[in-house]
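Trainee: Hi! I'm new to this one, could you walk me through it?
Mentor: Happy to. Let's bring it up and take your questions as they come.
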Amino acid sequence: MSYADRKDRNAWLRDGYSRVMPPGGPADGHDGGMAGLEGVEQPRRHGGATAARWSPAIEDERALRALELFGNPAEAEVLLPSLPESAATARRLAQVVILRHWGLSPKVAEDAVLLVSELVGNAVRHTGARAFGLRMRRRRGWARIEVRDPSRGLPCLIPAQELDVSGRGLFLVDRLADRWGVDLLPRGKTTWFEMRVADR
C-alpha cells in the first residue's frame, strides 16, 4: 500500500470517529472476562432488550467510500486497525453490504450494525491486538458476521440489566442475534453472530 493510500485511510478513520458516533457515545461498555464459550453456539433468547440504535439509513456515501478504501468483507476478510475509530468503519462496511449487496431490510442492517459495534469494541478494548478482521457471510435464510482477533481469551456473557450503561456488549448480542458463538483458532479466535433473514 502506498504512503498516499495509508494517509487516506488514516484520515478516513480519524474523520469517521469524530463525526459519526452511535447514540450514547462510543461502543466501549464491554465485558471481556471470557471463559467456557469455545465453539459454543448461543441460541437467541427473545426479550425486550432496549438499546439506542445507530440508523443504517444515513451516510450511504460514506459507507460506499469505506468499501472502496478497505475492501468488501463479504468477499474476503477486511483487516482494520485496532483503534476505537475503526468501529465506525466496521459499521459502514456492514451497512453497505447488508443493504446494497445483499438487499436485506433496514431492520436487519440496524441490528447488525449495532452488534458489529459491540464485537469490534470487545476486540479493540480487550485483546491488545494491532488489528482485527471483519468478515461477512450469507447463505440461504441467514446472515453471519465474524470479528477475528489474535487473543485466545474467551468472552464472558455477564448478566446485565436493560438500563446498565456498561457491560452490555455480549448481552446485546445474546438478545438481538439468533445465534452467536466463539471459535478458537490456532492463533486467536473468531467471535460471530448470525441473524435469520428473509430471502428475496
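Mentor: One term before we start: a residue is called buried when its relative accessible area is under 20%, and exposed when that is over 50%. Also keep in mind that this is a predicted model.
Trainee: Got it. Which residues of strand β2 are on the covered face, and which on the uncovered one?
Mentor: Strand β2 covers residues 78-81. Val78 and Leu80 make up the covered face, while Leu79 and Pro81 lie on the uncovered one.
Trainee: And how many bridges join β2 to strand β3?
Mentor: Four, and the two strands run antiparallel. Strand β3 spans residues 131-139, and its Gly133 stands opposite Leu79.
Trainee: Switching topic: which residues touch the most other members in the largest nonpolar core?
Mentor: Ile98, Val120, Ile145, Val173 and Phe193, out of 45 residues in that core. Helix α4, residues 106-126, supplies the largest share of this core, with 11 residues.
Trainee: What is Val173 in contact with, leaving aside its neighbours within four places in sequence?
Mentor: Leu115, Glu118, Leu119, Trp180 and Phe193.
Trainee: How many aromatic pairs are there?
Mentor: Zero, counting ring centres within 6.5 Å as a pair. Two Trp rings do have a charge over them, though: the charged end of Arg144 sits over Trp192, 4.2 Å from the ring centre, and that of Arg179 sits over Trp142 at 3.8 Å.
Trainee: Last one: which residues of helix α2 are buried?
Mentor: In α2, residues 60-70, they are Arg62, Ala63, Ala66, Leu67, Leu69 and Phe70. Just after the helix, Gly71 has a positive phi of about 105 degrees.

Note on methods
Residues numbered from 1 in each chain as written. Predicted model: local features only at pLDDT ≥ 70, side-chain atom pairs only at ≥ 80, totals over all residues. Heavy atoms only, no water. Buried < 20%, exposed > 50% of the residue type's maximum accessible area, 1.4 Å probe, protein only. Pairing = 2+ DSSP bridges. Phe/Tyr/Trp six-rings, centres within 6.5 Å; stacked < 30°, edge-to-face > 60°. Lys NZ or Arg CZ within 6 Å of the ring centre and 35° of its normal. Core = buried A, V, L, I, M, F, W, Y, C linked by side-chain atoms within 4.5 Å. Contact = heavy atoms within 4.5 Å.
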